[in-house]
Amino acid sequence: MDKKVLRYNFWAKKREDKGQLLWLPLMQHLEDTKNVAGLLWEHWLGEGQKKLITDSLESDFQTDNLAKCLVRFLAASHDIGKATPAFQTQKGFSNSEDLDIQLLEKLEQAGFTGISTVDLQFPRKSHHSIAGQYLLSTYGVKEDIATIIGGHHGKPVDETKEYKEQGKSYPSNYFQVEDKNNVIHHRWEQVQQEIFHWALESCGFETVADLPIIKQPAQVVLNGLLIMADWIASNEHFFPLLDVNEDEVQDQNSRLEIGFKKWKKTSTWGSENIINPDGIYKKRFGFSPRNVQSILSQTIENTAKPGIVILEAPMGLGKTEASLVAAEQLAAKTGRNGLFFGLPTQATSNGIFTRIEKWLENIVSELDEPLSIHLAHGKAALNEHFAELPRSTNMNIDDWDDGSVVVNEWFSGRKTTALDDFVVGTVDQFLMVALKQKHLALRHLGFSKKVVVIDEVHAYDAYMSQYLLEAIKWMGAYGVPVVILSATLPSKQRENILRHYMAGMGIKWRDIENANQLKTDAYPLITYSDGSEIHQVKTFEEQSHKDIHVIRLQEEKLIETVTDALKDGGIVGVIVNTVKRAQELARHFSDKFGADKVDLLHSSFIATERIRKEKELLQQIGKGVTRPFRKIIIGTQVIEQSLDIDFDVMISDLAPMDLLIQRIGRLHRHDTTRPHKHKAARFYVLGISDDLIFEEGSAFVYGDYLLARTQHFLPDVMRLPDDISPLVQKVYNSGELIEFSNDELEQKYLDAETEHHRKITEKETKAKAYRINDPVLKESRLRKGNLIGWLNNSHPNESEERAYAQVRDIEDTIEVIALKEMGGGYRLFGEDSDISQHITDFDTAKKIAKNTLRLPMILSKIYNVDKTIEELEEYNRIYLNGWRDSSWLKGSLGIIFNQNNECVLNGYKIRYNEKYGVEIERMEKKE
């Protein structure tokens, strides 16, 4: 490093540790960050990302690797704003004044006279990130690069004037004194410029004019890469601080090698071209591909410039395995180094995680280094399979003779998980690509590295779709391959997905030759892009058919129908649209048929209870098990989304057509022996209404319009899979008109349609308030091609829980840990030992943390939520104060139910029943 610059003794970090005074010189931190950024370019960034950045640069400057030089320059200059009085006079948070004094004395000795006693009026107005952006702009650096420097703490400036007016408004923050002719003023100017020129020259640039112009999507990726390099270089375990009396590191090469190796515990995956797609199925999964799987593989193999692939196929056809092989092919073709697999719920994510981990183990068996995987959702740490994977905390990569799937702990932070190469999680993780949130560039950096697979796309509503479509558009801008899986996809949604991806690539829909021919009800169907063209595959082998007899059932005939279905034995599945209705039916059926014959599953059980119930259900009516003679299983939508179970006969509340078809997927699902009465598959539908007055809960959840259209087009016999797409297209295509017997009914339907579209518009408008704008592919007068204002959000909220709520348009929910009173202490439901005195035990605390319960929504309504949380916090201060000392329980809220399984909160009596779940009733004032 240039000794001339080094001598200025600016500090970047300082800390006192057990009486030892430690610091990190600013120039050392810039050196560390520059070198880490270079190694990330060489050994972590994917070829697809490098191509994106390289292709996004405009410059007349001739150098061997312009993009890598730029990456290193950003890192070398990112903290130049710390070379200012505003930063250098900051006091440490956790050290004695001695350290502050010694570091200021170093500056005095370097010629910055008076810095020890200077009293700045507004030092906080010039955060070092903004200061860096301002300084670079004064040297002629354009806004595309300067704003990356200004945004390296997670959020670019919202307006140009935020940094442009810094020097005029707060000159002493930069130069100690306002007088431009003062020698101290000149001293600060001189050293700041020297640091800048050191950054330029040490990274291969001669002048400011050599710096390239960068297109906006690449700016986002570079911003993320800079933040990542800064975080790694700032980790004291990797790059330790120095004693305050040391001014420099003696062996820079050794420091870099040791530090980077401590961080990089796992290998970077590079998929190889698959010459024999059919053979890879045998290798990965132990079976030969089905026709649809084989055709998908061959289709991708034949594409020159793959982009987005949409696979619509029936349930149980192996779409998951097809997508994993597709991911390997797409990764090889587009230079991607990982996979994100997104699903609608935590339950579906947990269910798929073990399958993807086994696929990855198969890949790793061919390597001699480990690969890292993460499960990403709110309760990932409580997933047993994920928890059992080896951790990288104390792992030496050289100790592993063979490859293995591990969890690299550096990626365990909520803002770094998306950076890991292989991530399985809820779709929220992908939707948040489009959410205005601090450090969003890290998420973009992580997703631009991967192949993205999104499953069960039919499950996303109009609000979520706004985020889904925007995230897909950004993937198009990055050239990221996206695979969409669905059993039931309306053609309008298919077109929207394609439109947004192609728009991200800069291709207008009107320029696609066959755009008007893409509306089809062919099924199965593969729709895919190849460069600027879109193609479809509609021809597949004839599949075996299954006829489903659809019977409209009146509520008063329900008990009679179930009685008849059970007469000679059978498994009856009942899916209803609300938890309350499921609980009411379960009590009624238990009284009629016996509690031992009735099981209930919904989302309002303690989490551990729900997992246990799901396992029991799979043991009773899963694949290849011995089935009970008679059983009634009552559940909500959780049954349609995640469980591989099989019913002999099904009864369902009316729901939109695509969801009914999902539910039908659990009817005669497996090849098993059935009672004679159930040889034919029968699906009963409750809630059909000729006068369009639907069951209150169903109408609230789905709306009258889709229920009316579904019941109109619902056939008496549904032939699967042939009828899946035609039925879904009819319901969601408003051009398919419905005739009514009288004007009153027609008006009722038209009102429902108006309300349906009003809600969609309302949801879309609401989503746009929190959603980022489209990528700027070409600068215009109205849209500048930089990141200024990119994350401008009038409703910032940094909590992960709130972010999930924002991308799903759900009301805030309150989760507590449910406990049961025992003597003077408490126990877990279903267990007999007092655990109240053992919460400092790691395993006990982790076990307690798994027993979460979502409180009824009434307690988290906007008019109740503050009072509910206030009462919970006070309750926890009194009864669960010791939780503050537990890493697993700290910050959690708990409730201890009494011996009657009841507790009182915010004027409501909450009752927990291990068979029926949580219930609530408002208490009278006298109570």
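The residues lining the second largest cavity divide into 3 nonpolar, 5 polar and 4 charged, where Ala, Val, Leu, Ile, Met, Phe, Trp, Tyr, Cys and Pro count as nonpolar, Asp, Glu, Lys and Arg as charged, and the others, Gly among them, as polar. A cavity is a set of points, on a 1 Å grid over the protein atoms alone, where a 1.4 Å probe fits but cannot get out, and lining residues have an atom within 4 Å of a point. The model is predicted: local features need pLDDT of at least 70 and side-chain atom pairs count only at pLDDT 80 or more, while totals for chains, interfaces and linings use all residues. Residues are numbered from 1 along each chain as its sequence is written, and side-chain values use heavy atoms, with hydrogens and water left out. The lining of the second largest cavity includes Trp44, Trp263, Asn408, Phe411, Asp420 and Asp421. Its volume is about 80 Å³, a volume being the space filled by probe spheres set on the grid points, which are joined across faces, edges and corners.

In total, the structure holds 6 cavities of 30 Å³ or more. Helix α21 (residues 440-447) gives the most to the lining of the largest cavity, with 3 residues; helices (H or I, at least four residues) and strands (E, at least two) are DSSP runs numbered from the N terminus. Because 8 of the 8 residues of α21 are buried, this helix is largely enclosed by the rest of the structure. Buried denotes under 20% relative accessible area, exposed over 50%, and partly exposed in between (1.4 Å probe, protein chains only). The buried residues of α21 include Leu440, Arg443, His444 and Phe447.

Trp44 and Trp263, both in the lining of the second largest cavity, are also among the residues with the most contacts inside the largest nonpolar core, which has 130 residues. A nonpolar core is a set of buried Ala, Val, Leu, Ile, Met, Phe, Trp, Tyr and Cys residues joined through side-chain atoms within 4.5 Å. Helix α13 (residues 216-233) gives the most to this core, with 11 residues. Apart from this core lies another, of 48 residues, among them Ile645, Leu660, Ile661 and Leu714. In soluble globular proteins, nonpolar side chains tend to be buried together. Not counting residues up to four places away in sequence, Trp263 touches Leu40, Trp44, Met228, Ile232, Phe238, Asn408, Trp410 and Phe411, contact meaning heavy atoms within 4.5 Å.

Helix α22 (residues 462-478) is mostly covered, with 17 of its 17 residues buried. From first C-alpha to last, α22 reaches 24 Å, close to the 24 Å expected at 1.5 Å a residue; the expected span is 1.5 Å times one less than the number of residues. Just after α22, Gly479 takes a positive phi of about 75°.

The second largest pocket has a volume of about 980 Å³, a pocket being an open set of grid points with protein on both sides within 12 Å along at least five of seven lines. Of the 41 residues lining this pocket, Trp11, Phe87, Gln90, Lys91 and Phe93 are the closest to its centre. The lining has 13 nonpolar, 15 polar and 13 charged residues. At least two residues each are supplied by β1 (11-17), α5 (85-88), α6 (97-109) and α13, and α6 gives the most, with 6 residues.

Val685, in strand β20 (residues 681-686), is buried, with a relative accessible area of 0%. Beyond its neighbours within four places in sequence, Val685 is in contact with Val550, Ile551, Arg552, Leu553, Ser652, Leu654 and Leu714.

Several backbone features occur in loops. Most residues other than glycine have a negative phi, and most peptide bonds are trans. The peptide bond from Tyr523 to Pro524 is cis, with omega near -5°, and Pro524 lies in the loop between α23 (491-504) and β13 (525-530). The bond from Leu720 to Pro721 is likewise cis, with omega near 5°. Positive phi values are found at Leu692, near 65°, and at Asn901, about 60°. Leu692, between β20 and α29 (696-702), counts as buried at 8% relative accessibility. Asn901, in the loop between β25 (894-897) and β26 (902-905), counts as buried at 11%.
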